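Thanks for coming, everyone. Please bring up the sequence and the structure, and we will walk through them together.

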Amino acid sequence: MRKEYREYHFDRMVQSIIHFASLSYDGTHKEGFGMFRYAPRFRDAIQTILMTGEPGVLLLKMIDTYLIEILTAHENGKKVALCTFNFSPGVLKPLDVVPICLEPVTTLGVAMWLRGLGEYLNYCCEVGFTETSCSAQRGALGAYLAGLGVRPDFVLCNSIGVCDTNATAFNFAAEYLELPFYQLNAPPTLVDERARTYHRHDFRGLISFVEEQTGKNLDCDLLREVIVETDKQDEIMCEIEDLMRLTPSPVPGIFNLFMYSAKYIYGGSRVATEIMESMLKVSKHNAAQGRAGTTSGKEEARAFSVYVDHYSAQLRPWAWFDEKNISHLGCMMNGFWPVHAPYATGDLKEGTYTMDPTNEETMLDSLADQMSRMPMVKQIRGPYDDPHQWLTDTVASIKTYKPTFCLYTGTIGCRNTWGSIKILARDTEKMGIPTLILFGDAFDHRITSWESMRDRIDEFLTVRRILE
Amino acid sequence: MLKGFQDIATSLSNRFVDQWKREGKQVVGFTCSYVPEEIISAAGLLPFRMRGIGATSTSIADTYFGPVICSFPKCILQLAGEGAYDFLDGVILTPGCDSIRRLDECWRKAVEDSRGTFPGFHVYYGVPHKVTQYSLEWFVEETKILLESIEEYFGITVASEDLRDAIRVFNRSRTLLKRLEELRSREHVPITGADATAVIISANAMPRDLYNRILEDLIDELDQSKDGIHGRKRLLLSGSANDDIDLVRLIESSGGMVVADTLCFGSRSYSDLAEEDGDPLLSIAKRYLSHTMCPRMFGYYKQRLAFMKERIQQANVQGVILQNIRFCDMHGSENSLFERDLEAMGIPCLRIEREYGPLVEEGRIKMRIDAFMEGLNAG
């Protein structure tokens, strides 16, 4: 890692960008947008977020609050856990633990910085990662391994049995930084009694582990608050997703990113609910006017990403979709599978979860069920075409949102989706949905530039006559 | 005797499998050292560990797998697509690692377009990634389901005594292979690393009782051997799955001698015995879940390091070669931890990334091994 990178605290740098961006909207519109010409490195990303109005401002304020919580955790007597993105953070609140959700923090860096997180990605390789490992972890983790971020107290991983590359990164971090490690392990099935029992045992193991690390017991009152708030969030999210079924979709494409970011960072907390309420308000307003969620109010095509979104390139993919009047209908990262989800119909209901605040046991079971259905944990645990896994969930989303085309973009580290995307794309094509596999890396623009990916999508849309 | 083992190790099928099939008996393939061969064997079937040896391209595999996948399952899929695995009557696939577990759907889809077949009997065997009471209970149940599905598909009944007999036979192999390991630890090593690898690999490719008999004779012969190789740097080979004896030959051609390994096709395949008393299913599940661990078992690095240190001490190892197949992040990343910790103990390490089978870059690997050996010899 270059010397100059070692001089700055990573968390603090990300937080200060987000903080000042979140303030920009507090002044007049002219002041806010006038500021952008002084911030060429962050302009595209911040502008894309703030163009959405109140939801974007609330999102930036939420991220600012979150990063401040990380930065001040130790001085406030709280422990810090390094977590996977697909780890419902609500469970840590009643345990008085602040999570560093690694992949969302990487996303912040790659989305906000003109040159992405190349130095941090490379640093992981310098200390021993394979260069083929997943960039979603390697980005921010490079900073933590180099001691340029808040030092976590322990590591919690919810991707064992789901993604080896992800699990390897967390396991490596634990060994390298000499931190205690707990893994939630997903068996290959989901809805049978054996899998349910396994998950519930595993989840209680997690609670015991965290209690041991913090010396604090689970606060049941706070747990109930989390359960109730999660339920509320899920209902709002489902309503927004329901609106996405309309043609045109009144939901701005970037709201999908906001939704899962809010869930990953503050699932079960009021601050995330406020963003969702705001997004719902905007979407309903658009729906009432018969407008699409795009800036022009028009919809010329509908896109669904079968895996993740493309986060590098300062959120320009969302701006480009918007410019092209393409409604972006989300990706696998939006698939949380609460019971009222519009895509959870018929037999697929079995794969959902509910929040039951009756007593401690039902609350823990609810969270264990939720945790076992987090994006990727649910879909990538077994054969791609087994019930409740990648193919069935993709088909459910296609039937629900009726995209005119599908996209695959992932990371070079993703053995699972790269292992089956060619056959999944064959299945979606058989359904009549043109599907484009993009070779790129969602967190590392050095693999393929956004401009090159954009041109490929553009060509695909022309060749397949999706956009005339 | 050694020639027989070399023949088995360097070809996909072999005369023992051919003979077995001629007798009208059936063969079940498996992809990972976490599959309990005792279950297959107790049912009167031949357990056969699948390999990619002999693949000369990955053209079929590349049609289904994406570009950033380990070449080991790609070579297996290539052979399956070409029909080389048509002798299998069944297959057990596991979440050994992400690349190998994707073989399940890729193989199923590949046979729709290629001339190979997918065995009528196939099971996705869910091996947990941690050792706890509840994961063991899951695994016992999973193993019971596996046994029942074998019984149902092949129309066989497996009694507890059959399982106990199988445990005894497989334990016998493990004990004999441990004995071979001790012989390799001698100052005058009676067998090269390449030949020893061939011997170990053969265990998963022929009837086990017959294997035990031949191995017993070989061990007696090696034990009494007055000759032996000495004066060469003693090496331990670790990392990703390796069933390619030519890789070991390549290492040994640089002047070293592989006297130990921690590979899943090597010492990890025979470490730890299953209990011979009590409930045989529980005993099998216990042995396979908690036997010397693959990095797929996350959170157990220290145990793996301890195992490697024990092997290093026992075999008087002077240098360690830590290899991983490209895109094998589990071994690749863990190798760097091993390198850090072993070198801190004064044990020189070489970390290399390679391809499997037809893609292997012999010249590059040889150059790096030569350089490592030069360093060892100078030190």
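First, the ground rules. This is a predicted model, where local features need pLDDT of at least 70 and side-chain atom pairs count only at pLDDT 80 or more, while totals for chains, interfaces and linings use all residues. Residues are numbered from 1 along each chain as its sequence is written, and chains are lettered from A and ligands numbered from 1 in the order in which they are written.

Start where the chains meet. Chain A puts 37 residues into the contact, and chain B puts in 36. Contact here means that two C-beta atoms, placed from the backbone, lie within 7 Å. Which elements of chain A each supply at least two residues? They are α9 (164–177), β4 (181–185), α10 (193–214) and α17 (415–430). Those labels are DSSP runs numbered from the N terminus: helices are H or I with at least four residues, strands are E with at least two. The most comes from α17(A), with eight residues. By class, this side of chain A has 15 nonpolar, 16 polar and six charged residues. Nonpolar covers Ala, Val, Leu, Ile, Met, Phe, Trp, Tyr, Cys and Pro; charged covers Asp, Glu, Lys and Arg; the others, Gly among them, are polar.

Now look across at chain B. Helix α7 of chain B spans residues 103–113, and its buried residues include B:L103, B:W107 and B:A110. Buried means 20 or more other C-beta atoms within 10 Å of the residue's own; 12 or fewer is exposed, and in between is partly exposed, with C-beta atoms placed from the backbone. What do the buried residues of α7(B) pack against? In chain B, their partners are α4 (59–64), α5 (71–82), β3 (90–93), α6 (98–101) and β4 (121–124), and from chain A they meet α17.

Next, the core. A nonpolar core is a set of buried Ala, Val, Leu, Ile, Met, Phe, Trp, Tyr and Cys residues joined through C-beta atoms within 7 Å. The largest one has 272 residues, and A:M62, A:A173 and B:L77 touch the most other members. Helix α12 of chain A, residues 254–266, gives the most to this core, with 10 residues. Take A:M62. Leaving aside neighbours within four places in sequence, A:M62 is in contact with A:A262, A:I265, A:Y266, A:V271, A:A272 and A:I275.

On to helix pairs. Axes are lines fitted to C-alpha atoms, for helices over the stretch in contact, and angles run from 0 to 180 degrees between N-to-C directions. Under 35 degrees is roughly parallel, over 145 roughly antiparallel, 65 to 115 roughly perpendicular, and the rest oblique.

Pair one is α11 (220–243) and α15 (360–371) of chain A, at about 50° with axes 10 Å apart. So α11(A) and α15(A) are oblique. A:C220, A:L223, A:R224 and A:I227 of α11(A) meet A:E360, A:M363 and A:S366 of α15(A). These residues divide into four nonpolar, one polar and two charged.

Pair two brings α15(A) back. The axes of α10(A) and α15(A) come within 9 Å and cross at roughly 105°. That makes α10(A) roughly perpendicular to α15(A). The contact residues include A:F203 of α10(A) and A:L367 of α15(A). By class, there are six nonpolar, one polar and three charged.

Last, the backbone. Most residues other than glycine have a negative phi, and most peptide bonds are trans. Where is the cis peptide bond? It joins A:T247 and A:P248, with omega about 0°. A:P248 is in the loop between α11 and α12 of chain A.

Then two positive phi values. A:D96 has phi near 60°. A:D96 is in the loop between β1 (79–83) and β2 (97–101) of chain A. A:M376 has phi near 80°, in the loop between α15 and α16 (390–401) of chain A. Which is buried, and which is partly exposed? A:D96 is partly exposed, with 19 other C-beta atoms within 10 Å. A:M376 has 25 such neighbours, so A:M376 counts as buried.
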